[in-house]
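Here is a friendly walk through one protein model, with an eye on its rings and strands. Have the viewer open and follow along.

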Amino acid sequence: MTFDGEALEQLRKRARAGGADKYHAANAAKGKLFARERVALLVDEGSFVEDGLYANALAEGLPADGVVTGTATVDGRQVCLMANDSTVKAGSWGARTVEKIIRIIERAYDTGVPMVYLVDSAGARITDQVELFPGRRGAGKIFWNQVRASGSIPQVCALFGPSAAGGAYIPAFCDVVAMVDGNASMYLGSDRMVEMVTGEKTTLEAMGGAKVHCTESGVGHFLCKTEADALDVVKRYLSYLPANWTQQPPTAPAASAPATVDLAALVPASERQAFDMRRYVKGLLDEGSFFEIQALWAKELTIGFGRLNGEVVGVVGNNSMFKGGVLFVDSADKATRFVQLCDAFNVPLLFLSDVPGFMVGSAVEKQGIIRHGAKMITAISEATVPKICVVVRKAYGAGLYAMAGPGFEPDATIALPTAKIAVMGAEAAVNAVYANKIAAIEDEAQRAEFVAAKRAEYERDIDIVRLASELVIDAIVEPHELRTELVRRFTAARGKQRQFSRRRHGVTPV
């Protein structure tokens, strides 16, 4: 079969038009954009170069085989991308769909540029399963390539519709996932399949909707109102990261911290009183630079990117506004993944500690708090980027270890005048040591006097100046001096050697 110029142009138009008009209309009614519109909104105008436009061109009703792939620039920086076309058989995968996705990930990895996934897919076409599922270049090769690329190049996903069955693992293997509320979903089995297998009656939204994954499961990182918001997340995320693991994060013009924020006033004198670590972070970093990740999940820990004097840093901070800042199973996992992300892409780490420790009790023990805490401490140990621990208010128990305390080779451990470092807080310590004696004092006034005296004795024992004199901490810094101190110390640590251990890899306590 041969095509003249006019026939070839018609073929191109059909491929670029996607599915039937009724499917475009149905998507528009849900507030969903066409796949090619999403690409156009994301990339720099005129920069997109498409691959595989003619995939399955001879088949009826399968333009580009339901996926758009190619290269482009985003804010002037090269990326590779794929975008499912949900107007073509609901964005489902055929054999050539899979091959196109594999090829574009391989190109991203080989050329060392970020890979962007714009996902909206009902999963594999069961009718084509022999061609797309089991072979050496079958769907499994997509995930193999994602795992190989992980930590080598940034991988970011914007999820606009379903990501079903095996296809749900594309978002799972990405660094971060932005989900559009009301339309995006991830699930391994449909609601019908779940009812058939388990008897449970549910809905796709209740089981795997955007709110579920961004607030409960932690698989989603950003809950977005619109598709434009999700695409903005992709752009902003990439702006903090290098193109690949061999490069440094992009710098920005130096900026000042917000002049209106008094860091000293933000921290209450009493450790019983909560304060919002997010406000503290925003007051410390360059104004407007804090980009919080997973803001709706495991909120007792605040993580995200920001800038200090124009240089990118990753922030891990305990937030006493939620669960007292205690570390739970989910917050340990949240920290683990973020620390590994920063270490992979050469982003220095700033730990802001206000932590009572890890949660205790039968419920969390059954959930594996020890195992999850060990994962977090493993990630802290293995991270070789510059890392600085700031004890803002307290670092008790294994919480000190989890926040990159002195034993974990931080480039500095800095304490604010409000800082306390101990196995546990004074109240818990006095009770642990003197519980029987306290109970034996019948006079209430005498009992209170005894407890107060022992608490004062304990506080003197863990005095922050004493810890500085013992070289446990490297500096005591006033809040208004902290930003300048951090800028100087991160600058000094920039050229550090980054070997950790003589081995292939550790055995992670997953």
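## Rings, charges and a covered strand

Phenylalanine 173 has a relative accessible area of 31%, so this residue is partly exposed. Please keep in mind that the model is predicted. Tyrosine 169 is likewise partly exposed, at 37% relative accessibility.

Another pair to look at is tyrosine 434 with phenylalanine 450: the planes meet at 90° and the centres are 5.6 Å apart, so the arrangement is edge-to-face. This pair links distant parts of the chain, with tyrosine 434 in helix 18 (residues 426–440) and phenylalanine 450 in helix 19 (residues 444–461), 16 residues apart.

The model's count of aromatic pairs comes to 12. There is also one aromatic cluster, made up of Phe222, Tyr237, Tyr240, Phe291, Phe305 and Phe338.

| Charged residue | Ring | Distance to ring centre |
|---|---|---|
| Lysine 141 | Tryptophan 144 | 4.1 Å |
| Lysine 323 | Phenylalanine 328 | 4.5 Å |

Phenylalanine 305, in strand 10, is the bridge partner of phenylalanine 291. Strand 9 (residues 291–293) pairs with strand 10 in the antiparallel sense, over 3 bridges. Strand 10 also pairs with strand 11 (residues 311–318), again antiparallel, over 8 bridges. Among the contacts there, leucine 308 has glutamate 311 in strand 11 as its bridge partner. The hairpin of strand 10 and strand 11 has 2 residues between the strands, and asparagine 309 takes a positive phi near 55° in it.

How many residues of strand 10 are buried? In strand 10 (residues 301–308), 8 of its 8 residues are. Both faces are covered: one side carries Leu301, Ile303, Phe305 and Arg307, and the other Thr302, Gly304, Gly306 and Leu308.

Stepping back to the whole chain, the assignment gives domain 1 (5–240), domain 2 (277–422 + 463–493) and domain 3 (426–461). Taken over C-alpha atoms, the centres of domain 1 and domain 3 are separated by 61 Å.

Methods: Residues are numbered from 1 along each chain as its sequence is written. This is a predicted model: local features need pLDDT of at least 70, side-chain atom pairs count only at pLDDT 80 or more; totals for chains, interfaces and linings use all residues. Side-chain values use heavy atoms; hydrogens and water are left out. Buried means under 20% relative accessible area, exposed over 50%, partly exposed in between (1.4 Å probe, protein chains only). Helices (H or I, at least four residues) and strands (E, at least two) are DSSP runs, numbered from the N terminus. Two strands pair if DSSP finds at least two bridges between them. Domain bounds come from an automatic or database domain assignment. Rings of Phe, Tyr and Trp (its six-membered ring) pair if their centres lie within 6.5 Å; planes under 30 degrees apart count as stacked, over 60 as edge-to-face and the rest as tilted. A charge sits over a ring if NZ of Lys or CZ of Arg is within 6 Å of the ring centre and within 35 degrees of the ring normal.
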